[in-house]
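Let's take a quick tour of a model and see which of its parts are tied together. Have the sequence and the 3D view ready.

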Amino acid sequence: MQFKELTKSRISIRDFQEKAVDKDLLKEIVSDAQQAPSWANSQPWKVYIATGETMKSIQEEHLKKSQEGIKGYADLPVKSIKEWGDLPWSNMEAWLDKAHEDATMTEFSEANARLWNTPSMAYITIPKTAPVWSIYDSGSFAQTLMLSAASHGVDTMVAYENIKYPDEIRSHLGVSDDEIVVAGIALGYRSQHPINQFENSRVETDRILTIK
């Protein structure tokens with residue numbers, strides 16, 4: 001698969017089949033992600049993957065909190081999206097408008113609460129003592145992981161929803177209080193649910209690019 005084709009094949013999947021991803025394949029995907037660059041080769045990341053009954057327990061706990069209306073308390077602070085700046089806000093506003101108007105997204109909130117019915121979730125952490133630059137490193141790691149998954153025919157979904165209740169991750173996977181849960185990436189195989197037909201768009205390159 002050519003690189004451009006690979007990047008376009010990776011889309012956000014909001015409902016997965018029950019079919020599990022082979023554990024050896026999960027390990028290979030993480031091994032690929034370890035090729036991501038990091039400051040001074042610090043490689044600050046750790047990865048915890050929930051599968052099987054562990055994943056189901058996290059989903060049950062997450063659904064209960066969501067139904068009770070418990071506000072998220074992720075390890076990383078979250079500003080109001082209107083404070084993110086004009087460009088990010090305009091992009092998000094356009095996305096939200098499209099999502100609200102698209103009939104395939106009527107179950108969006110429920111999909112969030114169910115954690116996409118994913119059979120597995122990779123949680124990426126860094127030490128609390130790490131510099132802020134390690135956030136960049138972990139983002140590079142996450143993208144490499146998702147591209148590796150796509151190359152193996154495995155679908156992904158990265159979202160704030162996945163890490164908004166970090167205590168459920170710590171209790172079920174033994175993540176230390178000395179670690180920040182930076183990202184959660186669902187890994188599995190897309191179902192035929194209509195919600196997976198929703199398509200995102202990207203702004204024109206000239207809008208974000210300056211070459212002098």
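**Charged pairs and a helix crossing**

Arg-170 is buried, with a relative accessible area of 14% (buried means under 20% relative accessible area, exposed over 50%, partly exposed in between, using a 1.4 Å probe and protein chains only). Keep in mind that this is a predicted model: local features need pLDDT of at least 70, side-chain atom pairs count only at pLDDT 80 or more, and totals for chains, interfaces and linings use all residues. Residues are numbered from 1 along each chain as its sequence is written, and side-chain values use heavy atoms, with hydrogens and water left out.

- Side chains of opposite charge can pair when their charged atoms come close.
- The structure holds 10 salt bridges (a side-chain nitrogen of Lys or Arg within 4 Å of a carboxyl oxygen of Asp or Glu).
- One of them joins Arg-170 to Asp-75, with the closest N and O atoms 2.8 Å apart.
- Arg-170 sits in helix 7 and Asp-75 in the loop between helix 3 and helix 4 (86-101), so this pair ties together parts that are 95 residues apart in sequence (helices are DSSP runs of H or I, at least four residues, numbered from the N terminus).
- Asp-75 is partly exposed, at 27% relative accessible area.
- Arg-170 also meets Asp-177 in a salt bridge (3.5 Å, N to O), and Asp-177 counts as exposed at 55% relative accessibility.

**Salt bridges around Lys-65**

- Lys-65 and Glu-168 pair up through their side chains in a salt bridge (3.5 Å, N to O).
- That pair links distant parts of the chain: Lys-65 belongs to helix 3 (residues 52-67) and Glu-168 to helix 7 (residues 166-173), 103 residues apart.
- Both Lys-65 and Glu-168 are buried.

**Where helix 2 meets helix 6**

- The axes of helix 2 (residues 23-33) and helix 6 (residues 133-151) come within 8 Å and cross at roughly 135° (axes are lines fitted to C-alpha atoms over the stretch in contact, and angles run from 0 to 180 degrees between N-to-C directions).
- That makes helix 2 oblique to helix 6, a label for angles that are not under 35 degrees (roughly parallel), over 145 (roughly antiparallel) or 65 to 115 (roughly perpendicular).
- Ile-29, Val-30, Asp-32 and Ala-33 of helix 2 touch Phe-141, Thr-144, Leu-145, Ser-148 and Ala-149 of helix 6 (contact means heavy atoms within 4.5 Å).

Conventions: Helix = DSSP H or I, 4+ residues; strand = E, 2+ residues; numbered from the N terminus.
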